[in-house]
Amino acid sequence: MGWRRWKIILYKREKGIRCRDNSQKEYSSKGEVQYRELLATKHGRSTNNEILEENSNLVKISCFIYPTYSKEVEEELRKAGFDYAYSFGQKNLGSLKVLGKGKTGIVVLVEPYKVLKIRRTDAPKETLEIEAKLQIKAGEEVAPRVYDYGKNFILMEYIHGRNLMKNERRETIIDLLERARILEEKLIEHKELSRPWKNVIVSYNRTYIIDYDSATIKEKPRNVTKLLSNYLNRRDLGVKYSKSEITFDQLLSQLF
Ligand SMILES: Nc1ncnc2c1ncn2[C@@H]1O[C@H](COP(=O)(O)OP(=O)(O)O)[C@@H](O)[C@H]1O
Ligand SMILES: [Mg+2]
């Protein structure tokens, strides 16, 4: 399955939008451009609200540099072609909306199907390059596709979905375990799968493991075991699997 034809007509309209965060006051400006998404069709159905709210605003990229403005970050983003991002998502960033706000990055929509993870200026890591490389190594079977990256950003595929919940359907759990297993084949240990809620996006037809900020390369990575022991409360199976006493298929048949 996949997205079919998308048709998006964007109309520009002048409107004064301010980046209200006090710390960024001097970079605020009136007369930002507001784009209105008029038409989006997916399999012939209108999905205006699903992907982009009708009145999502395009805001200067500098407004998403958080918590304090950095010229270096803005220059890198602009050089890579990002002058604006949408004020869109469930999380608040001052007066703006964003898709995500973690300890390392702010995630914003820059195109209908692309998001930018912008390194927070107070992030514990100096660069997002290692994270981006691990996400590329994880591959599209497991993680959102990476299009571009730099010290202060990762441009990746936008995943429309929700966070993992406590009680998921059998198919979703199998799908997630399978992707966690693929990560092991690639010698990647994710490290944050014992608390998987925010690190797994459940989309309409599959799961995605996101955020490779803490991930490392290991000879014997443990992702499946972490999910079994913590999320699925089956430490017994986790131990057997990590000691190679049972195969992945045996694990699945014993789990359900
Ligand atoms: N590709 C994506 N598509 C949609 N939402 C995303 C995507 N990547 C991240 N997010 C959202 O942004 C949040 C923060 O991203 P994350 O990579 O976990 O940042 P951090 O490293 O700061 O924790 C996620 O929990 C998720 O809700
Ligand atoms: Mg995170």
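These legends describe close-up views of one predicted model. Residues are numbered from 1 along each chain as its sequence is written, and chains are lettered from A and ligands numbered from 1 in the order written. Local features need pLDDT of at least 70 and side-chain atom pairs count only at pLDDT 80 or more, while totals for chains, interfaces and linings use all residues.

View 1. Helices (H or I, at least four residues) and strands (E, at least two) are DSSP runs, numbered from the N terminus. Of the 256 residues, 35% count as buried, with 20 or more other C-beta atoms, placed from the backbone, within 10 Å of their own.

**View 2. Ligand 1 is surrounded by 18 residues.** Each has its C-beta atom, placed from the backbone, within 6 Å of the ligand. Gly100, Gly102, Thr104, Val107 and Asp211 are the closest. β10 (105–111), β11 (114–119) and β13 (153–157) each give the shell at least two residues.

**View 3. Three strands make an open sheet, in the order β14-β16-β17.** The pairing is antiparallel; strands pair if DSSP finds at least two bridges between them. β14 (161–163) and β17 (207–209) are the edges, each with a single partner strand, so one side of each has no neighbour in the sheet. The twist averages 30 degrees from one strand to the next.

**View 4. β14 pairs with β16 (residues 200–203) over three bridges.** The sense is antiparallel. Arg162 stands opposite Val202 in β16. Strands of a sheet pair through backbone hydrogen bonds.

Methods:
Buried ≥ 20, exposed ≤ 12 C-beta atoms within 10 Å, placed from the backbone. Axes fitted to C-alpha atoms, helices over the stretch in contact; angles between N-to-C directions.
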